[in-house]
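Work through the exercises below with the coordinates open, and try each task before reading its solution.

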Amino acid sequence: MSDPAAPSRTALRDIVNSQIKRRHAAETRFRWFGITMVATAIAACGLLLLSVISQSIPALTENRLHLTLNVSAEKADPFGKRVPSEIREHGDFYGLVQDALIQRFPTVEADGKLDDLFDVVTSLAAVPIGRTLAQDPSLIGKNLDVALPINDDLDLFLKGAYGETRVSQGEEPLTEARAADGTYTLSGGPAPFAKPVANLRKDLALSATELETALGLKRQRLSIAQTQVAALTARVSELKASGGPGLAAAEALADQAQTLVDNLTGETEVDQATIAAYRAAVKGEGGAIELNDDKPSILVEVRGGTYKLTRIAPSAAQGVLLARSPKGASDYVWRTVQIATPQNGRAVNDEVIAFGRQLQSEGAIRPALNTTIFTNSDSNEPELSGILSALVGSIFTLLVTFCTAVPIGVATAVYLEEFAPKNALTDFIEVNINNLAAVPSIVFGLLGFAVFLTFFNMPRSAPIVGGIVLTLMSLPVIIIASRAALKAVPPSIREAALGVGASKMQAIFHHVLPLAMPGIMTGSILAMAHALGETAPLLMIGMVAFIADVPTSFTDSATVLPVELFMWAGRPERAWEPRTAMAILILLLFMILMNAVAIFLRRKFERRW
Amino acid sequence: MNTFSQSSTEAHGETHAVQVQQSTGILPDISSKVRARDVNVFYGTKQALFDVSLDVPDASVTAFIGPSGCGKSTFLRCINRMNDTIDSCKVTGSIQVDGRDVNDRAIDPVVLRASVGMVFQKPNPFPKTIFENVAYGPRIHGIANDKPGLERIVEQSLRKAGLWEEVKDRLHQPGTGLSGGQQQRLVIARAIAVNPEIILMDEPCSALDPIATAKIEELIDELRQNFCIIIVTHSMAQAARVSQRTAFFHMGKLVEAGPTEEIFTNPRDSRTQDYITGRFG
């Protein structure tokens with residue numbers, strides 16, 4: 001109190017006050033760091049989900065072709081035996097579909113567009129018809145209504161995934177006049193094609209600008225290549241003169257560079273010509289524009305016929321007939337369909353689009369919820385592919401994993417936690433279990449390959465092997481989680497059980513283990529969810545395979561969802577993209593489901609003591 | 001006054017008013033329920049108990065008192081070999097229950113613990129129903145396998161623990177839902193359900209309020225008729241209230257043991273005197 005060296009109370013308070021501001025500032029700063037990090041994490045998560053969902057939207061629905069097949073006996077059952085296996089083997093079901101399609105477009109053969117019409121539906125799509133008929137041969141000779149998934153690219157086009165497609169309705173009636181060479185001239189009213197022409201000019205101008213930018217880059221590369229050629233040529237002649245070593249290599253290099261220069265020169269010339277053509281078309285105000293497969297397509301739909309224009313002017317247009325359906329003959333409304341992407345730039349040609357649009361306008365092609373992805377297995381045709389076999393494969397594999405990993409993991413945890421003596425050996429084991437949890441999963445795949453496939457000669461691609469490999473991978477996680485759960489059971493429970501004379505086994509199995517069960521189950525299910533999403537180890541044991549049949553046993557060839565995803569993502573057709581996104585969503589859904597079960601179990605069986 | 005000595009006198013027709021005067025110089029006595037001789041306990045290299053020799057008579061309450069860490073709980077846990085659960089713990093010397101050495105290899109700790117029940121400091125009912133809590137012991141020991149038999153044991157035990165009236169309508173609700181005092185009585189009921197010879201109580205009231213404590217003490221007084229009870233307590237008042245005999249531990253040594261009245265009114269050792277009068281501990 002009376003110590004003169006000690007600061008007065010007010011001085012002390014001042015010191016505290018000056019510190020308090022800094023302390024509060026530090027706290028606020030820390031809180032804001034936290035909030036920022038959490039917000040970033042949520043945003044990243046949301047972005048991921050949003051991107052996957054938005055990409056999967058085209059695969060949410062699928063267009064199906066509804067046809068009434070006249071099931072003729074000679075096509076469905078050529079030998080007339082009415083035996084399921086005979087029907088399945090020898091029936092020409094795609095022929096039935098083709099007949100029904102030709103019925104809708106009677107003149108298609110004369111128009112020479114038969115192949116394009118058949119492109120609307122792939123032959124594989126007809127396989128289920130065979131199954132239906134084999135199951136019920138009495139349907140042969142009758143009419144059969146079917147709904148078939150259509151060509152994936154046409155499907156995407158009809159969903160509007162192929163760039164901009166402008167449809168405008170004509171006002172004045174349009175007349176078609178056939179010329180001697182088979183082309184048609186379309187005219188009617190003062191300027192029936194004014195709008196499409198204006199649009200076309202805009203499109204062409206835009207394309208010309210884009211091409212020009214690309215051309216600039218190409219020219220730069222060309223000039224660099226030319227410099228290289230000059231340098232290399234100089235070197236070659238120098239080597240020739242001096243007779244030094246490396247002449248052959250230098251010549252080869254010079255040749256390579258020259259080829260590049262030639263290619264680039266060719267490309268720039270083509271581009272220049274295209275740009276010039278576009279520009280010319282744009283400039284020719286009022287004049288006609290020649291169309292070809294490198295320019296945007298314009299289709300005219302009038303009275304059940306679809307024409308592809310080869311030359312368009314505001315007043316009239318010339319074109320060729322692509323498709324004609326008798327159903328629309330009395331329809332006086334006509335439309336122009338402008339497809340901004342040139343035919344050469346898309347996987348679906350104008351003919352197939354013409355047939356597809358006609359079938360759609362007649363109600364034969366209708367969108368439906370995409371159930372194919374759940375009911376079908378893998379296929380080369382995106383529209384016929386589904387995840388069923390992979391899903392069943394995943395379930396089989398996880399069943400094996402669950403049935404082996406959980407008992408072994410829990411037993412190991414109980415032994416290590418409750419019975420094992422604490423010595424150097426158990427310490428060593430413990431450290432290694434913890435290390436195993438961090439081993440890259442591909443290593444487990446290699447182990448599975450070496451041990452199960454090579455040494456034990458187990459079947460390749462089988463869920464049983466995949467399940468065991470995933471077991472090895474998830475065991476450390478389960479053991480660690482189970483040990484933590486066992487450790488969390490208060491010792492008072494153990495003492496209580498021992499105190500009334502329970503043996504160690506009884507105390508553990510009657511009291512400790514049941515209390516640790518929620519934690520053990522949570523850890524196990526999370527490990528299972530992890531195993532469900534695992535790809536790498538399964539690649540090594542051949543579970544990356546084209547599986548068109550649903551596996552029926554643990555030794556059948558199978559694949560799993562994430563591997564299927566991996567394969568789909570690598571396929572070139574555009575229609576795989578939304579389907580892959582869809583499959584990702586399904587996989588995520590299963591993960592969320594498993595995690596929800598884990599949370600539910602934990603909540604339900606969590607006990608207080 | 002000294003119920004224990006009277007009863008033992010009646011039982012054996014001998015007079016042993018004071019069985020243990022000190023940790024040394026013990027008179028052999030066959031009526032002792034628990035007889036400890038030269039018990040040493042080591043936790044690893046650390047010695048926790050030094051040459052403890054003590055006799056505990058039947059049908060009475062014996063209190064172990066002493067400052068924290070003096071080894072009284074350790075000694076208690078030696079009697080039903082609960083120290084076996086601690087890996088580093090080593091016990092030497094002999095502890096006889098009913099004339100048989102508990103550390104004998106032939107003695108199964110499971111059998112021993114069935115006859116030497118234990119109640120812990122914190123009420124530790126199983127997170128199961130009240131019925132299951134009490135029925136667990138009889139079931140694992142096969143004392144009663146059918147339902148009516150179990151129900152009878154459960155009712156008797158709960159009655160003896162003075163809990164029956166309070167819980168008879170909710171036998172199938174979790175035992176953890178009871179109040180602290182009720183839980184402790186439930187745990188006592190669980191212990192007496194297997195009909196032990198001895199009940200060890202390790203500070204059974206330290207987590208309870210005074211009213212619950214009073215009930216437990218009342219219960220202990222009643223149970224004394226049928227069981228040999230050993231209670232570890234920090235409360236001198238409690239020791240004075242419930243016990244007939246008291247043993248004072250200090251620094252791992254048994255300082256003094258004798259009739260409670262004598263210990264509290266006329267302690268032989270100055271350390272006992274100091275502890276009782278509150279000069280340390």
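**Exercise 1.** Find which residues B:Ile199 touches, leaving out those up to four places away in sequence.

*Solution.* Contact is taken as C-beta atoms, placed from the backbone, lying within 7 Å of each other. With sequence neighbours up to four places away not counted, B:Ile199 touches B:Gly117, B:Val119, B:Ala191, B:Ile192, B:Leu223, B:Phe227 and B:Ile229. This is a predicted model, in which local features need pLDDT of at least 70 and side-chain atom pairs count only at pLDDT 80 or more, while totals for chains, interfaces and linings use all residues. Residues are numbered from 1 along each chain as its sequence is written, and chains are lettered from A and ligands numbered from 1 in the order in which they are written.

**Exercise 2.** Determine which members of the largest nonpolar core touch the most other members.

*Solution.* Begin with the term: a nonpolar core is a set of buried Ala, Val, Leu, Ile, Met, Phe, Trp, Tyr and Cys residues joined through C-beta atoms within 7 Å, where buried requires 20 or more other C-beta atoms within 10 Å of the residue's own. Among the 143 residues of the largest such core, B:Ile199 and B:Ile229 touch the most other members. Next, helix α16 (residues 463–488) of chain A, a DSSP run of H or I with at least four residues, gives the most to this core, with 14 residues.

**Exercise 3.** Describe the contact between chain A and chain B.

*Solution.* The contact draws 17 residues from chain A and 21 residues from chain B. On the side of chain A, α17(A) supplies the largest share, six residues.

Terms used: Buried ≥ 20, exposed ≤ 12 C-beta atoms within 10 Å, placed from the backbone. Helix = DSSP H or I, 4+ residues; strand = E, 2+ residues; numbered from the N terminus. Contact = placed C-beta atoms within 7 Å.
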